[in-house]
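Reader: I am new to this structure and would like to learn how to read its helices. Could you walk me through it?

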Amino acid sequence: MSKYYLFQDTKKCIGCHTCEVACKANKNLPVGPKLCEIVTVGPVFVGNQPKAAYTFMPCFHCEDPWCVAACPTGAMQKRETDGIVFVDPLLCVGCKTCLSACPWGAPQWNPETGKAVKCDYCMDRLDQGKQPACVTVCTTHCLQFGPAETPPKIRRERYAKAMASLEETI
Amino acid sequence: MANRACPVADTINWLSDIISEGYLKNARCRQRAEEILKLLEDISSGRAGKEHLPAIHSISKNLVEESPDRACVDTGKEILYRLVTYQETFLSHLKTRNCPDAACVRLAPAPCQMACPAGIDVPSYVTLISQGRDEEAIELIRRDNPFPWVCGLVCTNPCEFMCVRGRIDKPVSIKYLKGFAAEKAMSDRLYRNPPKLPDKNHKVCIIGAGPGGLTAAYYLALNGYAVTVIEALPMAGGMMMVGIPRYRLPREVIDQEVTMIEDLGVVFRFDTRFGKDVTFDQLREEGFDAFFMAVGAHASYKAGIAGEDTYPQVIDAIAFLRRVALGNRRIPGRKVAVIGGGNVAMDAARTSIRLGCEEVYVVYRRTRNEMPANEEEVFQAEEEGVKFSFLTIPVEIKGANEKLSSLHCLRTELGPPDESGRRKPVPVEGSDYLLQVDAVIPAIGQTVDRKGLDDLQDLKWTKRNTLSVNIASMETSVEGIFAAGDAVSGPATVVEAIGGGKKAADAIDRYLRGIPHPKMPPVPVRRSRVEFTEIPASTKMALVRPEMPMLNDERRRVTFQQAELGYSENSAREEARRCLRCDICIRCGTCVDICSNKMGIDALQMGYLDFDNPGPTDFRVTAERCILCGACASNCPTGAIRIEDRGNERLLNLCGTILNRLVVEHCEVCGKVTGPAKYHDYLRKRIQGINKHLENRILCLECARKTTAESHVEITPPRILS
């Protein structure tokens, strides 16, 4: 896995797709490829309430990425310093093996260039000390990015809060 | 590829660098520059219209006038400078959709088209013929050459020497296909003239009804000019009629194509020799605004040997062929020697055979390899019984009492090459011998007959005794007089005269409308982008160039019946399907490089792409290894190689040749096409090392994401203890 952690607080996410827009604008992508995507699950009825969830799907930057193994040209690589999986457009010939190999559908097809594109955590921005494009624009601040050593504590805290019985107990 | 860079491609590269390097800081400027780039790309890919250049001009002017900073102003100025400096190239890209430097890859011309002196869009019409669209093929050819039928029978086909298919097996039989389509369209009554433009109220006089003159007449008449053609002979056709014998080119072929030109309102005055029956001043008084001299090269060079002028049985080949063509079919003698090794010599020899001469010798001072005549001509002459005497120099014509009896010859050897690059024949001492003949036909070469033209004293001539013209405008030293054809080039071919006539017609049109002449000779026009004719790879490889069916030798020796019988419809359609479509595929080799060096699959065996060292080619082997990944198609700069899904199959198609087709598999969830099993096998093999528990699930991109997302989500909130 990469050195980083990109966390989505699904409780906060309202499915506004701003992250997708910022991502595409940052990478100058045409209609089609979505390097990150908010997948809407549901709505389903939970009791009488219709409920939906919005799952943020970027690339997971696997430890042993299938896309890297599948790529015949060496265009798909894992950055040694931090484990980010990225594609070098100069080496990519557009055979789409990475697209088909990935079980999560992370690498995408850019019909304009005829090459694969994928989420690289905006590594050019990271190198400048910035955050990935999607994170910077998140309206509800549900996306958080940082080194894996300091994962966000939101879930833990929320669970703890829910479990806590500060009020009257039985 | 040429070293010169095309100014259009160069400007695109320069401007896209400027944009991508962030040189233009102002957003509005950058947007304007991007608009200009888009318009330039339209021009370089053949999609631009009339408004493109004015639009680029006005946006660039905006850049110069309204920009807040220096970088934008300079960019605008540079574009304006390039537009003016290379105006002609920009216009030519727009008009001809042809980039002769091949820097604009989508406009790179096919070698056959560039080889054609008339610049016919060969791949387009060959493809139309393969699809049975003969009348469209003829309509397309006639935009560059009004004589498809004549050329289909007698052209020297320089196109076929450049044909890329020749690097695989044999060149496509371009010439005969043209002849086939013309005959078919004519016989189906579908050989039609395009509509004429409205009258321009100018009269043009053309001197000479040969291929050059008639071509100019055709294009001028279509353009709305009133054309009159003056001709010394009693019929139209020039050298096509009185130089080329009937067994190669039947009279009705010429007559029918000339009739098409006459139908446009062109007026002919036969039996009228310029300078004798009618003078230049008389024609001026008749109100002609421009003149076109296409008088050809009807005078013969002398062989320069003793006895040439002594005996009446010596007749030069041009006079002999003219005499026979005009109906005088007396034999020149029982035993005839033809001197020379060109096509005219072959014509004279084969005509002599047909007239009934018992023995016909061709006396040539070099060997068969050096002969300028077409190989087929020489071969057919031999079949008909013409005897060749190579390495032989005639030195004297002998006889007595005005009766020729023999040709005194010397044997030669080939020495070192002379300035023309051909090996010089050196006589062998003491090798004299007598060739017993009673007629001699020198076919040494032709030159322009200046009779009648010498009255025009301001007309300048070259050292080679041809009319001196400006090669871009075809205008002579006298204003308003243009010239082309053999009179300018010296004895050449029908198709070269046609090319010259077309050029002259354009120049005369510009002259009469007062538009400036171009600085460069014209560039062949890409007339169409005909869709590919589909053909399986095995058929593409298996088809062989058909032999031309010939009249039997016996008949050929005694009649002037057409010797080549023409292709059957079936073999013509098949032959046309052999074309590799070099108007679309520029043979850059990117597909092969990617397939073998990048993908490591090595499924494409296309050795013909290498011009200098062609390797083996076999389109059939692709199906053995190809996994249909589509990398070749993604990287093809011109769309020559394509991958497409059709029904249950995925196909790889190179200019119509189906290189591979495989049944595709579908996404388990949504049913969308995911790719063929061979592709998935390739993938599994690559990832099996790290993927220990391989689930053989086949999911499309969207469904892969969706199923993952669904498995991650918990819609139900964590249960809180109540």
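**Reading the helices**

Author: Let us begin with helix H4(B), whose buried residues are Ala71(B), Cys72(B), Val73(B), Thr75(B), Gly76(B), Ile79(B), Leu80(B), Arg82(B) and Leu83(B). Buried means under 20% relative accessible area, exposed over 50%, and partly exposed in between, with a 1.4 Å probe and protein chains only. Helices (H or I, at least four residues) and strands (E, at least two) are DSSP runs, numbered from the N terminus. This is a predicted model, where local features need pLDDT of at least 70 and side-chain atom pairs count only at pLDDT 80 or more, while totals for chains, interfaces and linings use all residues. Residues are numbered from 1 along each chain as its sequence is written, chains are lettered from A and ligands numbered from 1 in the order in which they are written, and side-chain values use heavy atoms, leaving out hydrogens and water.

Reader: What covers the buried residues of H4(B)?

Author: The cover includes H1, H2, helix H3 (52-66) and helix H5 (87-96) of chain B. Contact here means heavy atoms within 4.5 Å.

Reader: How many residues does H4(B) have, and what span is expected?

Author: The expected span is 1.5 Å times one less than the number of residues. H4(B), residues 70-85, has 16 residues and reaches 22 Å from its first C-alpha to its last, close to the 22 Å expected.

Reader: At what angle do H1(B) and H2(B) pack?

Author: Axes are lines fitted to C-alpha atoms, for helices over the stretch in contact, and angles run from 0 to 180 degrees between N-to-C directions. Angles under 35 degrees count as roughly parallel, over 145 as roughly antiparallel, 65 to 115 as roughly perpendicular and the rest as oblique. H1(B) (residues 7-20) and H2(B) (residues 27-44) pack at about 155°, with axes 10 Å apart, and are therefore roughly antiparallel.

Reader: Which residues of H7(B) and H11(B) make their contact?

Author: First, the geometry: the axes of H7(B) (residues 122-130) and H11(B) (residues 174-187) come within 10 Å and cross at roughly 55°, which makes H7(B) oblique to H11(B). Val122(B), Tyr125(B), Val126(B) and Ile129(B) of H7(B) meet Ile174(B), Leu177(B), Lys178(B), Phe180(B) and Ala181(B) of H11(B).

Reader: Is Ala633(B) buried or exposed?

Author: Ala633(B), in helix H26 (residues 631-635) of chain B, counts as buried because its relative accessibility is 17%. Not counting residues up to four places away in sequence, Ala633(B) touches Ile641(B), Arg642(B) and Ile643(B).
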